[in-house]
Amino acid sequence: MTQLSIKLPAKLEAKARARAVQGGHDTLDSYLKSLVIEDIDEYLDPKIEQLLIERLDDPRPDIEATPEFWKNLHARIQRKVAKQSKGKKK
């Protein structure tokens, strides 16, 4: 897990700590983590979420996301976008 650090003005930190307590969080870290998770989950596409859930039960072997994997994936996406762009120009 990645650890992040932020600096807050004292006034803002005090307000954040008060909100954390109001929200039932044991720590300010817990409160801030919940805000980030909530923000990210809000933008998670339901289709992608469903695919990820289905993949958990998929019997196929895991895929290792190596730099080569990302390079190949990027190339495949570029080819697909280029192909779709050509189709729209006609």
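**Salt bridges and surface patches**

Colleague: Buried, partly exposed or exposed: how does Arg-17 count?
Modeller: Arg-17 comes out at 43% relative accessibility, keeping in mind that this is a predicted model. Buried would need under 20% and exposed over 50%. So Arg-17 counts as partly exposed.

Colleague: Which residue does Arg-17 meet in a salt bridge?
Modeller: Look back along helix α1, because the two partners are 4 residues apart there, separated by about one helical turn. The N to O distance is 2.8 Å, and the cut-off for a salt bridge is 4 Å.

Colleague: How far does helix α1 reach from its first C-alpha to its last?
Modeller: Helix α1 runs over residues 10–22, so it has 13 residues. At 1.5 Å a residue, the expected span is 18 Å. The model sits close to that, with a reach of 18 Å.

Colleague: And which residue with a positive phi follows α1?
Modeller: Go past the end of α1, which covers residues 10–22. The residue to look for has a phi near 80°. It is Gly-24.

Colleague: Which helix gives the most to the negative patch?
Modeller: The patch gathers Glu-38, Asp-39, Asp-41 and Glu-49 on the surface. One of these, Asp-39, is partly exposed at 41% relative accessible area. The helix in question covers residues 28–42 and gives 3 residues. It is helix α2.

Colleague: What area does the nonpolar surface patch have?
Modeller: Its members are Ile-6, Leu-8 and Leu-12. Leu-8 lies in the segment before α1 and counts as partly exposed at 31% relative accessibility, so it clears the 30% cut-off for patch residues. The patch has an area of about 260 Å².

Colleague: How far is Leu-56 from Asp-39, C-alpha to C-alpha?
Modeller: Leu-56 is in helix α3, residues 46–56, while Asp-39 lies in helix α2. Along the chain the two are 17 residues apart.

Colleague: Buried or exposed: how does Leu-56 count?
Modeller: Exposed takes over 50% relative accessible area. Leu-56 has 71% relative accessibility, so it counts as exposed.

Colleague: What is the distance in space between Lys-15 and Ile-40?
Modeller: Lys-15 lies in helix α1, where it counts as exposed at 57% relative accessibility. Ile-40 is 25 residues apart from Lys-15 in sequence. From C-alpha to C-alpha, the distance between Lys-15 and Ile-40 is 22 Å.

How values were computed. Residues numbered from 1 in each chain as written. Predicted model: local features only at pLDDT ≥ 70, side-chain atom pairs only at ≥ 80, totals over all residues. Heavy atoms only, no water. Helix = DSSP H or I, 4+ residues; strand = E, 2+ residues; numbered from the N terminus. Expected span 1.5 Å × (residues − 1). Patch = residues over 30% accessible without salt bridge, like charges linked within 9 Å, V, L, I, M, F, W, Y side chains within 5 Å. Areas by Shrake-Rupley, 256 points an atom, 1.4 Å probe, with all protein chains shown as cover. Salt bridge = Lys/Arg side-chain N within 4 Å of Asp/Glu carboxyl O. Buried < 20%, exposed > 50% of the residue type's maximum accessible area, 1.4 Å probe, protein only. Lys, Arg positive; Asp, Glu negative; His and termini not counted. Charge placed at Lys NZ, Arg CZ, Asp CG, Glu CD.
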